[in-house]
Amino acid sequence: MSEQKRLFFGIALPDEISQSVIQWRADTFPAGAGRPVAAANLHLTLAFLGEISDEKAGALTQLAGRIQQRPFTLTLDDAGHWPRSGVVWLGPKQSPRGLLQLAELLRSQAARSGCYQSPMPFHPHVTLLRNATQPVSLPPRNFSWPFRVERFALFQSVYAGGRTRYQQLAEWALTQEVI
């Protein structure tokens, strides 16, 4: 029997965006607002796959490699707080069509492969703080981090030594030419 891995498809933030967001988060939210997500773990999840076998991961990796999608610009210019899940997030006010299409393709493939997909609508976001269960004062929306999304990746969530880190397992380029 193969080992189960906790996997998801996502978009990693460029290093310069991550560093800027980390500084903004430190300047914006008090230390007790929640547990900050490590800079290396900042990402936008496209499709959560859950605990899956190597065989299923291989099949989904092959399907992901067949996706023909143009690059797009994503702008992180909105923030919010989900008190029930304790998440403070950063996301786009308006999601680019390319982002929604890519997420839908990956979520559909995952569902057809037997990976549970939430019935909730896709809400693209980058988690900034966890365990933020108390009310959090959100900043004015005077921030904006636009960046070009030219690739997406398959990540594994690894918990070791009391910390979670996301390890990139595979990556695919978004192409200018869609056949």
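A pocket is here an open set of grid points, each a place where a 1.4 Å probe fits, with protein on both sides within 12 Å along at least five of seven lines. In this predicted model, the largest pocket found in this way has a volume of about 820 Å³. Its lining is made up of 23 residues, and among these T45, F48, W82, H125 and T127 lie nearest the centre of the pocket. When the lining of the largest pocket is sorted by class, 11 residues are nonpolar, 9 are polar and 3 are charged. Three strands, namely β1 (5-12), β3 (43-52) and β7 (126-130), each supply at least two residues of this lining, and β3 gives the most, with 5 residues.

The second largest pocket holds about 290 Å³ of space. The residues that line this second pocket include R35, P36, V37, A38 and N41, together with R130 and Y159, and also G162, R163, T164, R165 and Y166. Strands β2 (35-36) and β10 (163-173) each contribute at least two residues to the lining of the second largest pocket, with the largest share, 4 residues, coming from β10. By class, the lining of the second largest pocket consists of 5 nonpolar, 3 polar and 4 charged residues.

Strand β5, which runs over residues 78-82, is mostly covered, as 4 of its 5 residues are buried. This strand pairs with β6 (residues 87-91) in the antiparallel sense, and the pairing of β5 and β6 extends over 5 bridges. Within this arrangement, A79 has L90 in β6 as its bridge partner. The two strands β5 and β6 form a hairpin with 4 residues between them, and in the turn G86 adopts a positive phi of about 70°.

Helix α2 comprises the 12 residues 54-65, which at 1.5 Å a residue should span 16 Å, and this expectation agrees with the separation of its end C-alpha atoms, which are 16 Å apart. The buried residues of α2 are A57, L60 and A64. Seen down the axis of α2, these buried residues fall within an arc of 65°, and they therefore line one face of the helix. On the other side of α2, by contrast, E55 and Q62 are exposed.

Key:
Residues numbered from 1 in each chain as written. Predicted model: local features only at pLDDT ≥ 70, side-chain atom pairs only at ≥ 80, totals over all residues. Heavy atoms only, no water. 1 Å grid on protein atoms, 1.4 Å probe; cavity = no way out; pocket = protein on both sides within 12 Å on 5 of 7 lines; lining within 4 Å. Points joined across faces, edges and corners; volume = space filled by probe spheres on them. Nonpolar A, V, L, I, M, F, W, Y, C, P; charged D, E, K, R; others polar. Buried < 20%, exposed > 50% of the residue type's maximum accessible area, 1.4 Å probe, protein only. Pairing = 2+ DSSP bridges. Expected span 1.5 Å × (residues − 1). Arc of directions from axis to C-beta.
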